[in-house]
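Here is a short briefing on selected local features. Start with the sequence and the model.

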Amino acid sequence: MCLRCCLLVSPLESHKPPRVENQVRVLSDLLRKSPSQSERMHGRVKIKSTAQQEEEKRKEREKKLKIYVAARDACFSKSIAGIIADGCRRCPGVPTWIRVGLLIVLAQHLLLQLALPVAPAAASPPGISRGPDPPCLGVSQTSPHLLINSLPSRPVKSSYSRICDLPPGTISDITNEHNLTVHWTEKHTHRDCALYTGRTESYCRDSATDQELFRSELSVEKTSVLQSELQSCNQLQELEPLNKWCLLTIILLMRALDPLGYEKETLDHFQTLKEVDSMRSAYYSDLCSKFMIENTILKMEYAEVRVFSISDKNLTTLCHLDQLLLVTHINLSSNQLQQLPPQFAMLQCLEVLEADNNCIENLEGLYHLPKLEEVYLKNNKISSLADLQPLASCPKLKHLDLRGNPVTQTANIGMPVEPRSIRDRAAVGRFPSVTLGFGEDTEEEKEQPEEDNAQKENACRRWLRKVCPCCCPQPNDDDITDTLVTGIDELDKEEGINSEKPVPGDSELDELLLKVRSIDLMKSKSGVNRTEHHTNLYQSDHFIIRRGQTFQMWITLSRPFNPSTDELHLELKTGPLPTVSKGTHVIIPLVEELEDGHWEAAIVKKDDKRIRLSVNSPPTAVIGQYQLTVETNCTNGRAISTHDPANDIYMLFNPWCEDDAVFMDSEDERQEYVLNDVGRIYYGTENQIGVRTWSYGQFDDGILDACLFVLKKSETPQSGWGDPVNVVRIISAMINSPDDHGVLEGNWSGDYSGGTSPTVWSGSVEILTEYHKNSGTPVKYGQCWVFAGVFTTVLRCLGISSRTVTNYSSAHDTDVSLTTDVYLDENLEPLGHLNADSIWNFHVWNDCWMARPDLPPGYGGWQAVDATPQETSQGTFRCGPASLAAVRNGQVYLKHDCPFVFAEVNSDKIYWQKNADGTFSQIYSEKKVVGHKISTKAVGSDERSDITHLYKHPEGTEEERIAVETACRYGSKAEAYSSPTAEDISVEVTMNGKGPKMGSDAELTIKLQNSSSEQRTVMLHSQAAVMYYTGVHKATVRKDSTDIDVLPNEEKVLEWSLEYKDYKNQLIDQATLMLTLTGRVKETQQVLAIQYSFRLRTPDLILKPIGKAVVGEKMAVEISFTNPLPQVLKAVIFHVEGLGLQTAHKINYGDIGSHASVSLTEHFVPTLPGSRKLLASLDCKQLTQVHGVTDITVEEKKNTAL
């Protein structure tokens, strides 16, 4: 093996070298004594025999090998780059290629030490013992189970393994959260996790970040070394573009420094490597596949994302399957895979596998996957039935697509077609049918004779039984699947199904089928749909609507629709992997009456062959572009309309819908923060505020397409696009370009020769259009106000209320200290290399409005988000959403990125002086230098609105100091603030009885407990606010401050009350209020804080049955109600319904006076016997959530003798 080959494989070996100094000395000696290719003796060349020449060559190879071993061992020691360089300089006869080789070995060794992870042990499939792990408890597949780190002692990499199932009855539904602990007895360690009601899985994970999954965290020093090595290798590569050793080293360095940022360059270098070194092409392909899989995993958003898509990446191998244990949908289509590895058995949650257009020859990896339902293997190389045997161990398999495989040419292989039965349909919604067949979608169906309409086992299982009868035997009666088989094929003939029924000709069948001739979405800008959905301003011919709201459409059929024999449903698909369970494949059933919160359609008008549908969408629907098709079913067969891109539906967030998380109740604010396409951005300094007009242009032609392109470019699963918190985090990352090739490239150098100066831009349209037109090439250049302006455009375009915000004297905290630190030496001179924190004259970011169900109540409303790439958040340059309520009160432990935003607006500037021993001491602090005149455009005018009070309490007040000290407790320099000398005061809020009633004063009890032997004085601040049920703050209705003396060991009880007049004009649905208490103990500086939510109870409706309840005989119920409010209830509506008693209907009652009592009598005829419940509710603008119920036992009607 030559030295160059040794250099390539050297990082794969592991040795324990001797002392470094001795190695380098030996290395220098060996290099000086390197023999030449011939020996010169006294001026004559000594000619040697062939045997002598061979012997000399052997010795030459041995000596070169010794040189390599010495060099390798030296390079595998610690920090010897300078020694090697010095040794090489003392050896002028050393060839250049050896010196370069030594540097490459050193670089690769550093990569091994710093970046390359240790491969984890593969998790065992269920049923296989794993040594010290707890034994499986052996319960059903549907039982809750734990997923936890298989190797808890490894800090570098986190991988999941299934530990155990929990037996039925282990947990109850009494509480929402069940805390569990798993112990490893041999390793003396444990992991805690929580299982929530309604979930079947629980998992925990070590605190490693996403970036640490496949590499170690690099220090500043190590990063600097690798950056320097990368620069040197790049210079060498410019001189020798086809140097394979250099290319491979560059790839490894890029992987260690920034795997996502260098992804494109890495792929280019791999392609060059394959061309230059074709003998190792397979090795490079496998290594490239490994890196691509790692990158895709890094881009996945935590464990809630259950879709893994890596199609069309030229993969040749699969790895890191241990990171995909929770994935339900994998797309491996259009790669170069030849097999599915046995490690696939770990994927116990996998439901759908797409592996079309590969080179797969067998399915040995698909063994015993209990949840696998669909497998797509079109155009592979599966040639025999034996290759399909592993599928027989997958009990839920329903759909297998083998088109284009050699095995489909085998004689007597039937492809059955099976629609879902009525029972199966409930799993995915109320819709007529779904085909789960093996054959082409156009295969004609034939009606099953009634006498053969017995239940059959799943067609996929029957077909697999032919392939592997031993693994998939004939089922027992108990195992029969509720599936109706309607296809007539070879398999059906073998099982005795009658196939002699005549089939009509194509033309006759065409006439009998119910087909869709045309679809009219009524998408005119001035039409009812776009006007009611507030999308008429979009300068686009797309059909643009908002979720949580109904829309109208016309469908023209081939004949009139007959509800008694015909069936129809709509199908919407979005994203590369439409899936019903993820909300990206929507099946909209036809119902008689629409219900809020569901995908449903109802016929509202018929006109011969035309029907008009009213279609409802849920307020949580995934936003984006949907493809629309219509499926019809009748006794003569099924038909599906052809997809027409002109009928695509563009779904947006809906701030007009009360159930949407982005709902904003003020119409003036919606007009400003959603529909206004021109704004004002402030800059300059707090004493010289400048302003410029910015054209957001969110309704311009092509901007909606560009905004959706930005989302698609993020390569995040579209199943997460229904959550505004997730969407704004995606957009925050995609507006900048350092790690994901986003919209804008930042430049603060002053040299903008390669693009456009940031000050030139005056709007977002040109930027987004250029980014979309150039297929995702970042636009040059932007600074904070440009990032913020584009961010506002994208958010408003997608339907999220947003505004551009400017903060003057804005701090940039680089070390999570939540302070702005200035370091000085012994002579009070600044230490430049330590002073990384800074205060900008101004900085521009965004606020967006949304509920925060992921946070405690009270933290919805305005959220700060920032697209300027300053610091990373969970490995990506993005920031927010950070609740302004959390930032204002210093609650920086709440997600996302509250510490960074808090430091920007309210950090103290602290000066540190270096001591003689190298430590630093705090010598001075400034408390009012950060976060001034936070500004945004006012609603409905071009005036400046100061919103500093939303980000922080008034400067210097006790509340502001409490917020700062609370926040800094969670920073890296908590010692900068004095800790309380004692924490002996506790505060508690309680409610008497069932709580206050609507219309009366709200009364609570506050208890202060002094556990010390000394008197304490508490400065207590209280605030009462009205809240939406989503946790969004609506209005503050009362604020108080007081000093309270608490005697030693005393429990002081304070009565707190809120009068009706204080909150009556602010009441909303659910009538929720929140009391916030904050305070400080003067003597000890202890900080107190507590929040208490409570609801104002509404009165019940009293229902009293009148008469005897008998089927078919008229009876009545008396409904009584007393108005609890000292005001008139206007336009009151009663709603009455009861299954088997009364169909749902409304009673328009009218007005009810102040404190008035009313009653009404409702007559009805029971239709079903037994115990029944009659329900009633009251609704009006002034009062909601009023309802009542009564039990009625209905007797059968007695038959009278004739």
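The charged end of Arg610 sits over the ring of Trp554, 4.0 Å from the ring centre. For such a charge, NZ of Lys or CZ of Arg is within 6 Å of the ring centre and within 35 degrees of the ring normal. This is a predicted model: local features need pLDDT of at least 70, side-chain atom pairs count only at pLDDT 80 or more, and totals for chains, interfaces and linings use all residues. Residues are numbered from 1 along each chain as its sequence is written, and side-chain values use heavy atoms, without hydrogens and water.

**Aromatic pairs**
- The structure holds 18 aromatic pairs (Phe, Tyr or six-membered Trp rings with centres within 6.5 Å; planes under 30 degrees apart are stacked, over 60 edge-to-face, the rest tilted).
- Phe543 and Phe551 pair edge-to-face, because their planes stand at 70°, with centres 5.5 Å apart.
- Phe543 is buried at 0% relative accessibility (buried means under 20% relative accessible area, exposed over 50%, partly exposed in between; 1.4 Å probe, protein chains only).
- Phe551 is also buried, at 1%.

**Around Trp862**
- Tyr673 and Trp862 pair edge-to-face, 5.1 Å centre to centre and 90° between the planes.
- Tyr673 lies in helix H15 and Trp862 in strand E30, so the pair ties together parts 189 residues apart in sequence (helices, H or I, have at least four residues and strands, E, at least two, as DSSP runs numbered from the N terminus).
- Both Tyr673 and Trp862 are buried.
- The charged end of Arg803 sits over the Trp862 ring, 3.8 Å from its centre.
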